[in-house]
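Here is a quick tour for someone meeting this structure for the first time. Have a look at the model below, then read on.

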Amino acid sequence: MRRATGVLLIAAICALSGAALAGAAPKHERTALPRPEVALQRALAVFRPQLADPSYRIHGKVDPRGATALLRNLAASVRQLSLADRRLAEAILARPTDSGKGNYTAPKGDFRHKCFTNFCVHWVRSTHDAPSLADKNPKNHTPDWIDKVKSVMSEVWNREVVDFGYGAPKSDGNSGSHRGGNPSPKIDIFVQDVGRQGLYGYCTSDDPRIQVRNDISAYCVFDDDFSKKQFGGAATGLAALKVTAAHEFNHAIQFNYDAFEDPWFLEATATNMEADVYPAIHDNYQYFPASPLSKKNPDLPVDRWGSGGTQYGSWIFIRFLEEFFSDTTHPLPAPADPTLVHELWVDAKAIPGTIDGGEYSTEAIETFLGDHGETFPSVFRHFGVANAAPAAWYRSGALFNTRAGQKYTVNTVAGGASGPADLGMTHMSNDYWFFKPGTGADTFDVDANFPSAVTSPRATVLSFDSGGSITETEIALNGTGDGGLVAPITFDSTVSKVAVVVTNASTRFTQCFTKHNAPLFSCSGVPQDNSPSGTTNYQLDVAIG
């Protein structure tokens, strides 16, 4: 995103517009939804692109995990549409067993389902929606792919519900029969060729109570084979089924906590669940370029939902929290504790039976941190430090093949050099400067002139020695955001580089529940403490001795 070379200087600016006073809006409403007509057009662009207004059509690849949010928004808005538009919406929202274009087109006699202890699986025996009908292992009059769906869903249920402590999805017994598509109150999993629409799968709701409560039932649709032809370089086949089930079933669980929680939080926690259930499958690594571990753009807010996939890339923040509170030793000597993320969802849970959403995402995170004796600014500073050297901090960090700002210029600075290194910052983000010693360099000193303490700025200096060891020094800032190192640090041939981690840990928002269009942030509000557009108010003065 930035960096010209030079002795020190150059500022990279990534700023969104600031806002007024936090706390002025009510805190317990639903996340702001798009206008009903917009919700319909966005869903049409994925499921009926030929019917979508040209301005909404997708040019390029469909977000393969984006249908859950689109359909949630449409389901909540359908009653406000005109009669003609409502019919379109209802066709999109229908279960595959319902009649209508886009659902199962096989004759009803080819519909099949099997119900197991906790869920039912549905498929068809003909048309492009049919999975492979091979029945060899085991030979049990059920297609092998359906046996795999059963096995995977049983494992996912046991991990997420039994081991991690989440409540099961809400019963869907009041959602109607759907031509055999809802044979019991158990959650229904439909196998369908949604890969032709560019989708791994999705979960959505046809709960008739969706207008009056945030805790609702769900059903899910998974692709029928996850073929390489449809999904290219991402996970395919059984591996794709596994991570899709872990991710999408987690959405069904979330719907029983708060289906209308902030969308970034829904996606970041579901994407992290892939790593909790199937740690050996690294499909979620594909989101690192849109994450705080990005080589080029690590400085986007972790609570951003919008184009580019940042809501998925922010899974690494959830992973960080899980690992940070699992042990004091990093990298972790043992797997992280996934029940910690369940704690976040308990804090974010809506008031049952109402549309009172309780704490929104970032509030819930702050509550969780307080319960564990920490504050958001302190923990978020540590997050920025971890991302500067993920192999030295995350349990699987050596496999990430990325670190924050890896493509940034490492500025070579000689002894006697001095100058500014300034940045514009967005809320809930970290950014970086990198330096290495040049001719005659012996010491490195830096002073910070940041916004006031109420905006939660932080600064850290990391010194990487030639042997690979890292020394971390936090710069103490006063109430006006000013501070510096207590003493210069060594900056000679024994040092390979120095990184300055700049942190904007602000979680202050105003106008909550009023913003409808991407990018969206916590509480669908306006962040208060982004740097004003065009300014670099996180200012560093660097001096080399």
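What follows covers a pocket, a cavity and a pair of helices.

## Ground rules

This is a predicted model, so to speak a calculated one: local features need pLDDT of at least 70, side-chain atom pairs count only at pLDDT 80 or more, and totals for chains, interfaces and linings use all residues. Numbering starts from 1 along each chain as its sequence is written, and side-chain values use heavy atoms, with hydrogens and water left out.

## The largest pocket

The largest pocket (an open set of 1 Å grid points with protein on both sides within 12 Å along at least five of seven lines) has a volume of about 750 Å³. Its lining (residues with an atom within 4 Å of a point) counts 26 residues, with Asp-63, Trp-305, Gly-306, Ser-307 and Gln-311 nearest the centre.

Helices H1 (36–47), H2 (67–77) and H8 (310–313) each give at least two residues to that lining; helices here are DSSP runs of H or I, at least four residues.

## The second largest cavity

A cavity is a set of grid points where a 1.4 Å probe fits but cannot get out. H2 supplies the largest share, four residues.

## Two packed helices

H6 (residues 237–258) and H7 (residues 263–277) pack at about 135 degrees, their axes 8 Å apart. Residues in contact (heavy atoms within 4.5 Å) include His-247 in H6 and Met-273 in H7.

Terms used. Grid points are joined across faces, edges and corners, and a volume is the space filled by probe spheres set on the points. Axes are lines fitted to C-alpha atoms, for helices over the stretch in contact, and angles run from 0 to 180 degrees between N-to-C directions.
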